[in-house]
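Please look at the structure first.

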2 protein chains.
Amino acid sequence: MVARGLLTFKTTPSIAATGVTAGPLEKKSPFADKFDKVYDDERCGTKTNEHAHAKMMEDACMIALSKVDSVPGDADFLLIGDLVNQMTPSNFAATTVGIPYLGMFSACATSVSSLVMAALLTESGMSTCAIAGASSQHNAVERQFRYPVEYGSQKPATSQWTVTAAGVATVTPYKKGFPSIECATIGCATDLGMTDPLNMGAAMAPAAADTLTRHLTGHGKDVSDYDVIMTGDLGKTGFELYKTLAGNQGFDVSEKFRDAGEEFYGADTAFLSGASGAGCSAAIFFTEVIDKMMAGDYKRVLLIATGALLSPLSFQQGDTIPCIAHAIELTMK
Amino acid sequence: MVARGLLTFKTTPSIAATGVTAGPLEKKSPFADKFDKVYDDERCGTKTNEHAHAKMMEDACMIALSKVDSVPGDADFLLIGDLVNQMTPSNFAATTVGIPYLGMFSACATSVSSLVMAALLTESGMSTCAIAGASSQHNAVERQFRYPVEYGSQKPATSQWTVTAAGVATVTPYKKGFPSIECATIGCATDLGMTDPLNMGAAMAPAAADTLTRHLTGHGKDVSDYDVIMTGDLGKTGFELYKTLAGNQGFDVSEKFRDAGEEFYGADTAFLSGASGAGCSAAIFFTEVIDKMMAGDYKRVLLIATGALLSPLSFQQGDTIPCIAHAIELTMK
C-alpha cells in the first residue's frame, strides 16, 4: 500500500562519502575538527559573500567526489539548494561542477529533501553517483532575511545564527560498510500562525513533531528503534518545544533526542538560541552522525531537517511562517 | 548502463489530468479557452499579489485533483515551485492543500523538473497520485526581478512578459488513454556569459540546445521521432537562436519546433519577445500539448522547459546568467 509522503528504499542506497566546508567562525563549533575544510576568510578569497557561498558548495562537492575517487564527470545528478533568493549560490556552483542539476528548496530542510531524492534516483537504477546537500553563508543569508549585518542589530534570546557551511553526501547503490538509506518521510507544510522571524525554532517545532509522528507511525517504528533522533535546526528554544510536543504524543523524549542547531556552536551563549541555516544540519548530519555510524557508535539514526518557509516579503506583509520537516532513516547493516 | 542526467521510465507513468489557472490579461492568449479558470482580477480577490499567486496554484491543484475524482487527502506528493524569493507562493499553497511537499526550483524550467520527479516517485511505486507543476504571477515576479511595475519602464524588444498562470499535472501509474511519461533528461547549468536580464531568451537558448542534444543522443532518438518538440519559454529572440544552434548540431529544425513563450500571447507585439515565467510553459504544456495528445493529433512529444537561474542581486553584482533546461518525453500508447 502506498502511504502519502512515505518512502521505503528496498535497495537501501548508501552514503559512500561526504564533503563539508565551513567559514572561519565555525571553528568555534565543537564539531569543527570533523569538517573537511574550514576557510580563514568568510569570503573564501572571492569578491562577494554570494561567490563565497557558491565556492563553499563547489569545494564540498569536489571533496565528496574525491573521497570516492571520482570527478564531476562521474556523477549522474546534483541535488542542492540554499536560502538565497532564487538559490543563485547553488546555481553558480552547479554551473562550475557541471553535473546534471535539480534545484531543491525546502529552506533549512533542503539537506534531507535532496538526500531523499538522490536515494530515489539511486533506487530507480538511474544513478550510480549522486551528490546531495545544502549550504548557507551567514552574511549572504542574514542581509536578505533580516537586517544588513553591518547594523549589528540586537537580537532576542530566541534568535538563531545562520551558519556558514556547505555539506553534501555522495549517494551510491548499496555499499557494505557505509550508512544505508532505508526509508524517509516527506513533510507537510505546517503553519500554526507564528509570525516572528527571530523565533523560527518555535515556528518549526510543530513541523518537526508532525514529521516525527508521521515517520514513526507510518513506518511502524518507535523511539526505541533508534540510537539517535536528530533534528536540525530548532535551536534551544525550538528543541524544547519540539520535545514537549513529542512527549505529549506519548513518545519517550529521552537523551536520544539531539538537535543540530542547538549543538552547532556548543555552549557559547553569543549564538543565543543556537545555529540555523541550510548548511547547519547538513554540516552536522554529514560529519557527526555519519562519523558515529562509521565508528559503530550509531547503528540506526533518524534525521529530521526542519525549514522555515518564509521570505522577507511575506514577513513584511504580515504573513505567518509556514514550516516543514523532512525525515530520513539511516542504518549500518 | 547509467547515463548521467538521463531517466527512462519502464512503467511509463501517466498524466491523468491537469489544472491550469491564469490571470485576466492571459485572456489575450490564443490558448485562453483551454485554461480551466481565468480570474477577472489579477489579485484573485486577495489582498496581495503574492496571495493571488498562491491562490492560483491552490486552485490549479484542486482542479487537477477533481478531474481524477480526488481531494488533497488522496494525493501522495506535491512537487511545485515558483520564481518568488524563497518560493513563498508555493509554500503557502502547500500549507493550504496539505499534501506532503517537495519544493522544486529550476526557475522557469520547474514545470518539467517537478514532473520528472513526480514520474520517478510514481515509477518507484511510492506514489499513486502526485501533483507537479509551477506558477508565476506577473506583478509579484516583475517587481522582484526588475523594476516596480508602477514605473512602467520601457523595455527592449528582446524582453519577455512574465505570465500570470499556474499549471499542474496529476501524475499516476500508467493509465490507458492518457499521455505517458517515457523518458527525461535533467539539464546541466549552462553559462555562456550573458548578463542582460532583459534578454533571457538569448541566455537560455544554449541550455535548450544542449539539453535537446543530450536527450536525443542519450535516448537514441531523432527529431523525426516526434510530432512536436516544444520549448518554453525562449520567446521570439531566444527561439530563433535555439533553432540556429540546433540546426548547427545537424538537427532538422522543421515546423515541429514550437516555443511556449513565443506563442503564449499570439501575435500581439505589446508583449515584445513573448512570454516567460514558470507558469508560461506549465500553462501551455498542460493544455495545448496534453489536449492535442488526448485528441490524437500528437503521438509523441518532447517538452523542454528552460530557466534563467539569476537573481536580482546576482545581476546587480555583475554576474552572468546561468541557465538550465530539462526535457521530458510523452507518448500516447
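## Helix H2 of chain B

In this predicted model, the buried residues of H2(B) are Thr88(B), Pro89(B), Ser90(B), Asn91(B), Phe92(B), Ala93(B), Ala94(B) and Val97(B). Buried means under 20% relative accessible area, exposed over 50%, and partly exposed in between (1.4 Å probe, protein chains only). The helix spans residues 88-97, and eight of its 10 residues are buried. Helices (H or I, at least four residues) and strands (E, at least two) are DSSP runs, numbered from the N terminus.

The cover over these buried residues includes helix H9 (312-316) of chain A, along with helix H1 (49-66), strand S4 (77-82) and strand S5 (101-103) of chain B. After H2(B) comes Gly98(B), with a positive phi near 75°.

## Asp233 of chain B

Asp233(B) sits in the loop between strand S10 (228-232) and helix H6 (235-248) of chain B. Asp233(B) counts as buried because its relative accessibility is 0%. Beyond its neighbours within four places in sequence, Asp233(B) is in contact with several residues, among them Cys108(B), Gln160(B), Asp259(B) and Thr306(B). Contact means heavy atoms within 4.5 Å.

## Asp222 of chain A

Asp222(A) is in the loop between helix H5 (200-218) and strand S10 (228-232) of chain A. Asp222(A) counts as partly exposed because its relative accessibility is 36%.

## Basis of the values

Residues are numbered from 1 along each chain as its sequence is written, and chains are lettered from A and ligands numbered from 1 in the order in which they are written. Local features need pLDDT of at least 70, side-chain atom pairs count only at pLDDT 80 or more, and totals for chains, interfaces and linings use all residues, while side-chain values use heavy atoms, leaving out hydrogens and water.
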